Amino acid sequence: MYQWRKFEFFEEKAAGRGGGGGAPSVPAEIAGRVTCCSGGRGRVAVGCDDGTVGILDRGFRLSYGFQAYASSVLFLQQLKQRNVLVTVGDDDQASSQSSAICLKVFDLDKVQEEGSSSTTPFCVQILRIFTNQFPQAKITSFLVLEEAPPILLIAIGLDNGSIYCIKGDIARERITRFPLQVEAVSDGTSSPITGLGFRVEGQAHQLFAVTPSAITLFSLHHQPPRRQTLDQIGCEINAVAMSDRMDLIVGRPEAVYFYEVDGRGPCWAFDGSKKFVGWFRGYLLCIIEDQRSRKNTLNVYDLKNRLIAHSMPVGDVSHLVTEWGYIILIMSDKRILCIGEKDMESKLDMLFKKNLYTVAINLVQSQQADPASTAEVLRKYGDHLYGKQEYDEAMSQYILTIGHLEPSYVIQKFLDAKRIYNLTNYLEKLHDRGLASKDHTTLLLNCYTKQKDVEKLNHFIKDEDGVGEIKFDVETAIRVCRAAGYHEHAMFVAKKAGRHELYLKILLEDLARYNEALHYISSLEANQAGLTVKEYGKILVDHRPAQTVEILLKLCTDGGDPTTRRGSNSMRLLMIPSPMDFVNIFVHSPQYLMEFLENYIKAVKDSPAQTEIHNTLLELYISKDLSFPSMSLENGFEDHNMKDIKGKDTANGYKSGTREKAKLGKEDAKIAKDIVDRQRKGLALLKSAWTSEMEEPLYSIDLALIICNANAFKDGLLFLYEKLKLYREVISCYKQAHDHEGLIACCKKLGDSSQGGDPSLWGDLLKYFGELGEDCSKEVKEVLTYIEKGDILPPIVVLQTLSNNPCLSLSVVKDYIARKLEQESKLIEDDRKSIDKYQEETELMKRETEDLKTNAKVFQLSKCTACTFTLDLPAVHFMCMHSFHLRCLGDNEKECPECAAEYRSVMEAKQKLELNARDHDLFFRQLRGSKDGFSVVADYFSKGVVSKTTIPPENAS
């Protein structure tokens with residue numbers, strides 16, 4: 001293999017005693033010749049021909065040793081899963097009939113103290129290998145497989161071609177023995193077993209058996225085990241190993257062969273006699289004897305990368321073992337050669353100095369280095385190629401670093417216009433891996449546009465017929481495509497990414513395709529359509545107002561289908577966008593807002609935003625300064641034609657002042673008519689949204705009052721004041737307009753107490769005429785008629801009020817005063833008669849009282865008033881002239897049963913009057929609510945409530 005490169009990826013490690021630099025060797029305490037060794041669990045076990053076993057630590061110092069056999073130790077193996085040592089050796093022969101060869105199992109965790117100088121591990125079991133059924137032969141190979149603890153599978157190869165297998169729990173001697181026999185050679189002689197190897201795949205256990213003339217595979221999971229001859233060539237002892245993929249490795253003088261379960265695999269032609277073959281961390285270990293010089297050489301082969309990782313001459317090697325990450329060679333003279341692999345950084349530095357970047361890349365990949373280390377090697381290789389101006393090859397290496405190397409490092413190298421193709425390739429791969437940023441997307445799209453490579457741009461944007469996920473920043477791609485004039489590509493990206501607002505922005509701002517934008521909005525879901533209309537509705541209303549209003553109506557009315565509003569109506573309405581969300585898009589087209597809201601309230605009667613909608617409509621209806629743009633906005637031609645006409649008139653030098661004035665007059669008339677029509681709608685809305693059945697209106701009262709006041713909308717103010725029972729504000733409206741007929745008509749309507757009106761309004765009206773300062777005799781006479789009819793004001797107040805107007809003559813109130821004087825005279829006469837009557841009755845009562853006090857009363861009744869029987873003693877006579885039997889009165893002897901009820905009602909009325917005398921609030925309420933307060937005071941005096949006083953007792957002093 002002269003074509004394979006040689007490297008020094010391994011070095012000899014100085015692991016002598018005490019960490020010194022001297023070459024290590026087997027400890028002097030081990031006196032016998034080393035016959036076998038095994039590594040595992042951080043220690044190396046060596047067996048000697050004097051029957052002793054020594055356990056060596058990492059510094060090759062003897063941890064402890066013990067006498068395992070009386071004669072010699074033939075084989076031993078340290079288990080990996082348990083701290084157990086399995087040995088085969090020659091012990092004392094117990095009897096002449098039994099063999100001295102036995103198998104022992106030592107538990108190294110259980111050490112038996114034997115004095116102070118040595119320790120002996122606990123021997124778990126001693127098992128005789130040869131029995132009557134298993135005849136004795138020379139043991140040539142030995143191998144132990146750990147199954148599920150404590151089950152072991154032990155294979156013992158013999159020089160007669162037989163293999164004795166022992167399976168089970170050796171410690172408890174629950175075992176099964178069975179023999180295997182390799183195929184005999186053609187001349188009938190048997191070949192010794194030179195090597196064994198277990199292969200485990202799930203529950204399938206297979207055993208490779210090697211002889212000098214054949215390689216056999218036994219399938220142990222079959223009963224009986226199935227034998228299969230893989231090859232008719234074999235090898236000598238120590239030239240057999242197992243790879244980490246559980247392939248059998250066989251070293252022969254001409255080559256090294258690998259075997260799988262179905263036969264021979266790869267073959268590597270390494271010339272020379274293979275003294276030892278091993279496997280270490282993916283490396284093939286071979287100690288080869290040169291046929292000419294008879295010197296041994298240790299070669300470490302990296303089969304994946306086809307290189308010799310290490311090569312060094314060695315002496316006479318007796319054993320090869322691996323432990324602690326080292327290759328350990330034990331020489332015949334007990335010297336120990338310890339070889340360790342260099343770290344990855346050292347190996348890479350060695351390769352970089354020789355510019356062997358491909359080898360370095362293969363090395364890090366084969367040894368499964370972390371991705372960052374691999375990327376660093378690839379970067380250095382790319383830099384090397386870039387320095388040689390091999391830009392395509394360099395970019396291929398940089399692409400492999402994506403995900404670990406900062407993209408800006410590569411981009412800066414290829415920003416030159418000549419290298420734009422390579423840069424484009426790198427950026428494409430960056431996007432394919434999903435690692436591109438916004439800046440990378442911008443740069444890639446700029447590369448496409450500069451190259452005018454529409455095909456690649458289509459492939460990048462549309463991603464192979466538009467399938468798959470978007471691998472770039474959407475907003476950046478759209479921005480770059482718009483800037484470069486690739487509007488269709490930008491629209492495709494926006495639509496695929498579901499960025500409806502960006503799609504519409506391109507349609508409206510770049511392409512002015514308003515009809516297509518409206519059609520696209522109609523195809524969206526309700527919530528998405530609502531969001532897009534909010535953002536771009538102003539543009540749509542400016543150019544396609546009617547169609548925009550139609551879409552909004554469908555959006556806010558759920559398609560206008562009344563059947564969809566049945567059932568959970570309130571929940572349905574809450575899910576539909578509110579028309580108030582779109583008011584701002586009509587900022588330049590209030591007339592279309594009015595149309596939109598009018599149609600909406602016709603379609604939806606119970607909208608949650610009803611109050612806000614009515615508020616907005618009231619403002620649109622009542623405002624006088626609402627500007628109506630030309631109706632030509634719908635067809636887009638009339639306004640343009642008007643400009644053409646104006647231009648022609650100016651060009652011809654013809655200006656007609658008469659025509660201009662006529663045109664202005666028509667415009668003014670049209671505006672005035674529009675204002676009247678809108679205010680008529682406003683008044684109708686005020687009334688329809690606040691009917692007599694409603695306690696509160698479906699609009700803001702304060703806002704309605706402000707709008708009506710600001711625009712001098714008298715009809716609206718009168719309606720609102722009347723509904724709010726602000727009658728004086730209603731009167732004020734008529735006063736400000738000097739509408740006397742309206743004032744009187746209003747007072748007739750609002751001053752009628754029988755209809756819930758306020759009669760005091762007539763007094764306010766009379767005061768207005770009294771302070772008017774002009775002749776209003778007719779109106780005053782009419783007002784006096786209603787004041788007299790309702791007896792609202794005293795005549796003296798009427799005269800004082802009207803005396804302030806110098807334009808009124810006495811003739812205005814002459815008839816009124818005459819009638820009032822006549823009425824007063826009649827009332828005085830009636831009062832005088834009543835006084836005389838009451839005086840006579842009072843005098844009569846006084847005489848009766850005096851008579852009762854001074855004269856005796858004669859009772860002449862002969863019958864009982866209660867039972868009408870003849871009155872006999874005992875009898876009771878009352879001053880009311882009623883007489884009763886005593887028995888008829890029962891327990892009530894102090895009051896007359898006939899007069900008690902009347903007397904009691906009088907006393908209750910008196911008590912009630914006394915209580916009322918202490919209720920001052922009641923007195924003042926009656927006083928305020930009465931037309932004639934003096935009559936209330938007089939009534940209290942007449943009942944003796946107010947006049948009754950309590951004189952406090954004088955001080956005892």
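## The salt bridge between Asp383 and Lys413

Asp383 and Lys413 form a salt bridge (a side-chain nitrogen of Lys or Arg within 4 Å of a carboxyl oxygen of Asp or Glu), and their closest N and O atoms are 4.0 Å apart. Because Asp383 lies in helix H3 (residues 371-387) and Lys413 in helix H5 (residues 407-413), the pair ties together parts that are 30 residues apart in sequence. Helices here are DSSP runs of H or I with at least four residues, strands are runs of E with at least two, and the numbering of both starts from the N terminus. The two residues also belong to a network of salt bridges that links Glu376, Arg379, Asp383 and Lys413.

Lys413 counts as partly exposed, at 23% relative accessibility; in these terms, buried means under 20% relative accessible area, exposed means over 50%, and partly exposed lies in between, with a 1.4 Å probe and protein chains only. The charged end of Lys413 sits over the ring of Tyr386, 4.8 Å from its centre, where sitting over a ring requires NZ of Lys or CZ of Arg within 6 Å of the ring centre and within 35 degrees of the ring normal.

## Basis of the model and overall make-up

This is a predicted model, in which local features need pLDDT of at least 70 and side-chain atom pairs count only at pLDDT 80 or more, while totals for chains, interfaces and linings use all residues. Residues are numbered from 1 along each chain as its sequence is written, and side-chain values use heavy atoms, with hydrogens and water left out.

The protein chain contains 31 helices and 31 strands, and 42% of its 957 residues count as buried. Its accessible surface comes to about 53200 Å², of which 50% belongs to carbon and sulfur atoms; such areas come from the Shrake-Rupley method with a 1.4 Å probe, and for residues only the protein chains shown count as cover. Among contacts (heavy atoms within 4.5 Å) between residues at least 6 apart in sequence, 47% join residues at least 24 apart.

## Aromatic rings

Tyr386, whose ring lies under the charged end of Lys413, is also a member of an aromatic cluster formed with Tyr391, Tyr398, Tyr409 and Phe414. The whole structure holds 25 aromatic pairs, a pair being rings of Phe, Tyr or Trp (its six-membered ring) with centres within 6.5 Å; planes under 30 degrees apart count as stacked, over 60 as edge-to-face and the rest as tilted. In another part of the sequence, the charged end of Lys347 sits over the ring of Phe9, 5.6 Å from its centre.

## Other salt bridges and positive phi values

The structure holds 26 salt bridges, including one in which the side chains of Glu289 and Arg294 meet at 3.6 Å, N to O. Glu289 counts as buried at 14% relative accessibility, whereas Arg294 is exposed, with a relative accessible area of 54%. Arg294 is placed in the loop between strand E24 (283-289) and strand E25 (296-302), and it has a positive phi of about 60° although it is not a glycine. Another salt bridge joins the side chains of Arg61 and Asp57 (3.3 Å, N to O), and Arg61 counts as partly exposed at 38% relative accessibility.

Most residues other than glycine have a negative phi, and most peptide bonds are trans. Arg41, in the loop between strand E3 (34-40) and strand E4 (43-48), has a positive phi near 60° and counts as partly exposed, at 42% relative accessibility.

## Cis peptide bonds

The peptide bond from Pro149 to Pro150 is cis, with omega near 10°, and Pro150 is found in the loop between strand E11 (139-146) and strand E12 (151-158). The bond from Leu873 to Pro874 is also cis, with omega near -5°, and Pro874 has its place in the loop between helix H27 (811-854) and strand E30 (875-877).
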